Amino acid sequence: MTDLDDLYQDLILDHTRRPRNFHKMPDATSMADGHNRLCGDKLRLYVKVIGGVIQDVAFEGDGCSISKASASMMTEAMKGKTVAEAEALYEKFHTVLTGPPDETPDVPELGKLAAFSGVRKFPVRVKCATLAWHTLSAALKNQGEPVSTE
Amino acid sequence: MAPLTPVAERPQTASPSFDVERLRADFPILHRPVHGRPLIYLDNAATTQKPRAVIDTIKRYYEQENSNIHRGVYTLSQEATAAYEGAREKVRGFINAADTKEIIFTRGTTESINLVASSFGRSRFKPGDEIVITGMEHHSNIVPWQLICEQTGAVLRVVPFNDRGELLMDQFEKLLTPRTRLVGVVHVSNSLGTVNPVRQIIQMAHEHGAVALVDGAQWVAHGKTDVRSLDADFYAFSGHKLFGPTGIGVLFGKKALLEAMPPYQGGGDMISSVTFEKTTYNDLPHKFEAGTPHISGGIGLGAAIDYLQDVGLDAIGNYERDLLAYATARLTEIPGLRLVGTAAQKASVLSFVLEHIHPHDIGQALDARGIAVRTGHHCCQPVMDRFRIPATARASLAFYNKTTEVDALADGIRGAIKMFA
């Protein structure tokens, strides 16, 4: 069962049971919907960007634990980042998810997000883990315009 | 949630001579490990495993007989043709069709339905004509009709079902009008397991002057199929769900209907003569089989049918009925588990959801124990929408599954619940 424990680390299970920033945001400056068609993960992402800085980010939706925990941890990591820093963080997160399964990723700026390295052994779940990030990226590009994305 | 039921007993099988262990020995893949554990394959609605007899037949075809068919005067070609056409005759017998002209080989159920929609539909449907299907159809028996409606101006009507997953037959009757041209219905729902009253539905269609097409993909492996007894106009199924290879399927169509239908795909073998001025078409069934077919697929399907008839479809049906009852009891004992699809008549399929755990995570946790179930919308998004759920986890049984595997599934589900609690 160790591979499964690598995937569902305690931190991830915690964020599944108690997702952070899991609510609507009526004063969001932008919103986007994300849908993982293969397994039915759906979420709506709200973001408030003022002066190029992410002031607040929240999400709602229904999905598997990987998608929910990833969204939850992402919202924590994104508050206070600039839009450019957010994009850079997405790229770093991607390296955590992909790459040789037996290597530990060395990306200290990701902090807790490194818990998702277990996804490397389960490539089918990469799309679950990146859904919120992909959706945030869309929301940041379309300030003031809600957009649907894969 | 279902009321508490007493702990399930091992089923008293109607045919105690059904030796599931001996049958399992015929299936090489059932003996491979997954994550260091025995494979427990419970995704038979997605595809079935293959007995040694089918694998060997396909292997022998490529080692001894491989050749293009219907064309050559040489020995190999004669042998391959005989094997392929022999398989067609086996299919005819398997579903009790009257004539091999009524057996069209296709790529699968999806292609079979597309063939009817395209060939029968496009040539006949007029604006305002009605096509009736049900709310529990697989996408393959929805989308082809939507495409044809767009092209011809016909309209789609959908029969609803109740919370147990049973069609509302009085609503069905109301939806049939003098404008109804075709009724499409799934024999067994791949997401709910419901066995629909297809004989009755076909009769209702005929009373209203409509033809009836049955999606038999999930039925044919679980009981006898008799297209004449059903009086089906079209019956479609897939080889790979019948312990045969992928890439091969069957469309049965009544001869008179097929004869009146224009070709589906054009090319070699479906023609009689070709000039740039005029082309004439071949007789049935070849009119609907353009190009070199999946020869090894057809022959493999024939071998699968032989195997099944040796085992006996009645014996299979009885064994699976008991196994399904056992599995239903074991699963409904689990607190927090809700079965989706609880019709009075069911076959093979147990779809379920767990409180607070997404089906995707259920599937992942079960995989760690070597258990293969399917999670998602099962190509039945309307069914998921009807129950307001994103997806289910689905275990689907075949005659090589056994009660100990069901026990392992139940244990695995309880383990997943603990992990995510």
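This is a predicted model: local features need pLDDT of at least 70, side-chain atom pairs count only at pLDDT 80 or more; totals for chains, interfaces and linings use all residues.

Modeller: Happy to! Where they touch, domain 1 of chain B contributes 30 residues and domain 2 of chain B contributes 28 residues.

Let us stay on the domain 1 side. The elements of chain B that give two or more residues to the side touching domain 2 are helix 11 (313-332), strand 14 (349-354), helix 13 (381-386) and strand 17 (392-396). Helix 11 of chain B supplies the largest share of that side, with 5 residues. Sorted by class, this side of domain 1 of chain B holds 14 nonpolar, 10 polar and 6 charged residues.

Now for a helix pair in chain B. Helix 12 (residues 359-367) of chain B packs against helix 14 (residues 403-420) of chain B at an angle of about 115 degrees, and their axes lie 9 Å apart. The crossing of helix 12 of chain B with helix 14 of chain B is right-handed. On the helix 12 side of chain B, the contact is made by B:D361, B:I362, B:A365 and B:L366. Helix 14 of chain B brings B:G412, B:I413, B:G415, B:A416, B:M419 and B:F420. Taken by class, the residues of this contact between helix 12 and helix 14 of chain B are 7 nonpolar, 2 polar and 1 charged.

Conventions:
Residues are numbered from 1 along each chain as its sequence is written. Chains are lettered from A and ligands numbered from 1 in the order in which they are written. Axes are lines fitted to C-alpha atoms, for helices over the stretch in contact, and angles run from 0 to 180 degrees between N-to-C directions. Helices (H or I, at least four residues) and strands (E, at least two) are DSSP runs, numbered from the N terminus. A crossing is left-handed if the near helix is turned anticlockwise from the far one by less than a right angle, and right-handed if clockwise. Two residues are in contact if their C-beta atoms, placed from the backbone, lie within 7 Å. Ala, Val, Leu, Ile, Met, Phe, Trp, Tyr, Cys and Pro count as nonpolar, Asp, Glu, Lys and Arg as charged, and the others, Gly among them, as polar.
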